[in-house]
Amino acid sequence: MKVPFYDATREYKLYKAQFDKAISDVVSSGAFILGKEVQDFEESICKYTGAKYAVSVANGSDALLIASDILGYKNGAEVITPVFTFFASASCIARLNGKPIFCDVDEDTFNMNMKDAENRITNKTAGILPVHLFLQTADMKACMELAQKHRLTILEDAAEAFGMRTNYKGNDLHAGLIGDFGIFSFFPTKTLGAYGDAGMIITNNEELYNKALSYRTHGSTKRYYHDYVGCNSRLDTLQAAVLNVKLSHIDNAIQNRAKIAAQYRELLKNVSEIKLPVVIDNNKEVNYVFCIKAENRDSLENYLKSKEIGTSIYYPVPLHLQKCFEYLGYKKGDFPVSEKLSKTVLALPMFPELTEDEVSFVCETIKEFYRK
Ligand SMILES: *Cc1c(COP(=O)(O)O)cnc(C)c1O
């Protein structure tokens with residue numbers, strides 16, 4: 001048996017007629033830029049998440065960059081963000097000449113440690129950029145308390161968090177809606193994934209919405225009249241058409257992910273060399289990535305590879321040890337939890353069309369490895 005880490009073609013085969021029609025409708029309409037499907041998709045995202053406003057863009061990294069620019073995370077401003085995340089959560093600040101200030105993460109949830117974040121606040125801090133990683137949102141209650149106490153803005157990197165919800169002050173909210181801005185990525189492997197690059201900015205603030213709308217078309221408010229120096233970052237109509245089909249099946253896809261996660265948990269619960277992911281009470285999880293903490297991680301990964309089981313390591317190098325961030329002056333040992341995680345985490349195959357037999361095979365192979 002061969003188990004891929006991720007395979008987009010299985011979903012395509014399931015709904016082939018719907019995808020083919022959606023794509024050919026766009027091609028025959030000729031409206032490739034900001035066509036009707038883009039607006040439909042933005043409206044559907046508002047409906048699904050409860051956001052007041054949604055602005056689609058070319059990818060999640062651009063969404064972060066545009067939102068950071070609008071919130072003023074630039075020109076020396078300090079922004080606190082976790083060191084254990086995907087590169088784009090910090091590069092958006094660095095590219096605007098803002099200063100990413102890294103903080104460590106919680107060992108159980110992999111999300112930002114808000115106590116460590118608080119210790120890093122200075123009079124130059126402009127905002128916090130929490131990331132909702134793998135399975136659940138960061139501690140947004142603690143994050144908002146810091147923001148209110150120190151007058152900071154918040155940009156939620158919800159790139160991985162489509163469908164995740166959290167209880168905030170008695171309200172059940174979708175990820176990305178508590179801070180000033182939230183962003184999603186629709187990179188193909190994400191819970192809601194396009195057939196190429198795609199991203200989204202959401203907000204409940206009308207002024208921020210209007211700015212985001214303008215920034216994605218070169219900062220113009222009216223064609224050829226530019227109030228800001230924005231960029232060109234729009235969601236392709238073709239991708240929007242694909243995403244509309246995918247969104248109509250998303251609840252089913254999220255349920256399948258939950259079933260797969262439950263099966264992993266059941267079959268791996270007695271493997272003492274492995275720690276399973278932990279979910280905080282307050283949070284409604286979505287299994288975007290199923291990440292275990294494993295003893296002898298690298299040998300396990302190689303063993304699974306030899307049995308044709310796909311895995312992935314998110315993330316092998318914490319951001320403070322990336323070459324391009326040497327100038328920030330951090331060193332090895334500065335973020336002990338993240339450094340430890342980068343050596344122990346291993347993501348197992350996780351996508352809605354994975355079969356029960358495949359999951360069993362992955363778990364059997366893991367057990368076989370540790371028996372040896
Ligand atoms: C995927 C991801 C992004 C970037 O999204 P792209 O659409 O690939 O640009 C940003 N932040 C996190 C945490 C991600 O996982």
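1. Let me start with the contacts. Residues 24 or more positions apart supply 72% of the chain's contacts that have a separation of 6 or more, a contact being heavy atoms within 4.5 Å. Please keep in mind that this is a predicted model, in which local features need pLDDT of at least 70 and side-chain atom pairs count only at pLDDT 80 or more, while totals for chains, interfaces and linings use all residues. Residues are numbered from 1 along each chain as its sequence is written, and side-chain values use heavy atoms, with hydrogens and water left out.

2. On the overall build, the chain has 13 helices and 15 strands; helices (H or I, at least four residues) and strands (E, at least two) are DSSP runs, numbered from the N terminus. The chain is as compact as a globular protein of its length, because its radius of gyration is 21 Å, close to the 21 Å that the globule rule gives for 372 residues. That radius is taken over C-alpha atoms, and the rule is 2.2 Å times the number of residues to the power 0.38. Along its principal axes the C-alpha trace spans about 70 × 55 × 40 Å.

3. Now the surface. Of the 372 residues, 56% are buried, where buried means under 20% relative accessible area, exposed over 50%, and partly exposed in between (1.4 Å probe, protein chains only). The accessible surface of the chain is about 16,700 Å², and carbon and sulfur atoms hold 50% of it; these areas come from the Shrake-Rupley method with a 1.4 Å probe, and for residues only the protein chains shown count as cover.

4. The ligand is surrounded by 17 residues, the closest being G60, S61, E160, S185 and K190; a residue belongs here if one of its heavy atoms lies within 4 Å of the ligand. By class, this shell holds eight nonpolar, six polar and three charged residues. Ala, Val, Leu, Ile, Met, Phe, Trp, Tyr, Cys and Pro count as nonpolar, Asp, Glu, Lys and Arg as charged, and the others, Gly among them, as polar. Helices α4 (60–71) and α5 (88–94) each supply at least two shell residues, and α4 gives the most, with three.

5. Which distances would I check at the ligand? An oxygen atom of the ligand is 2.5 Å from an N or O atom in the side chain of S61, and an oxygen atom of the ligand is 2.7 Å from an N or O atom in the side chain of S185. For G60, a backbone N or O atom lies 2.8 Å from a ligand oxygen. Taken alone, the ligand exposes 380 Å², and the protein buries 92% of that.

6. H132 sits in the loop between β4 and α7 and counts as buried, at 0% relative accessibility. Its side chain joins that of E156 through a polar contact of 2.7 Å, that is, a pair of N or O atoms within 3.5 Å; within protein, one must be able to donate a hydrogen and the other to accept it, and residues adjacent in sequence count only if both atoms are side-chain atoms. Leaving out residues up to four places away in sequence, H132 touches a set that includes N111, E156, D157 and E160.

7. On to α7 itself. Helix α7 (residues 140–150) has M140, A142, C143, M144, L146 and A147 as its buried residues, and their cover includes α6 (114–119), β4 (125–128), β5 (153–157) and β6 (165–168). D139 caps the N-terminal end, with a side-chain oxygen 3.3 Å from the backbone nitrogen of K141. Just after the helix, R151 takes a positive phi of about 50°.

8. Helix α8 (residues 206–215) can be read alongside. Its buried residues are L208, Y209, A212, S214 and Y215, covered by elements including β1 (53–57), α4 and β8 (181–185). At the start of α8, a side-chain oxygen of N205 reaches to within 2.9 Å of the backbone nitrogen of E207.

9. Finally, two backbone details to inspect. The peptide bond from Y314 to Y315 is cis, with omega near 0°, and Y315 lies in the loop between α11 (297–306) and α12 (336–344). N296 is not a glycine, yet has a positive phi of about 50°; N296 is exposed, with a relative accessible area of 54%.
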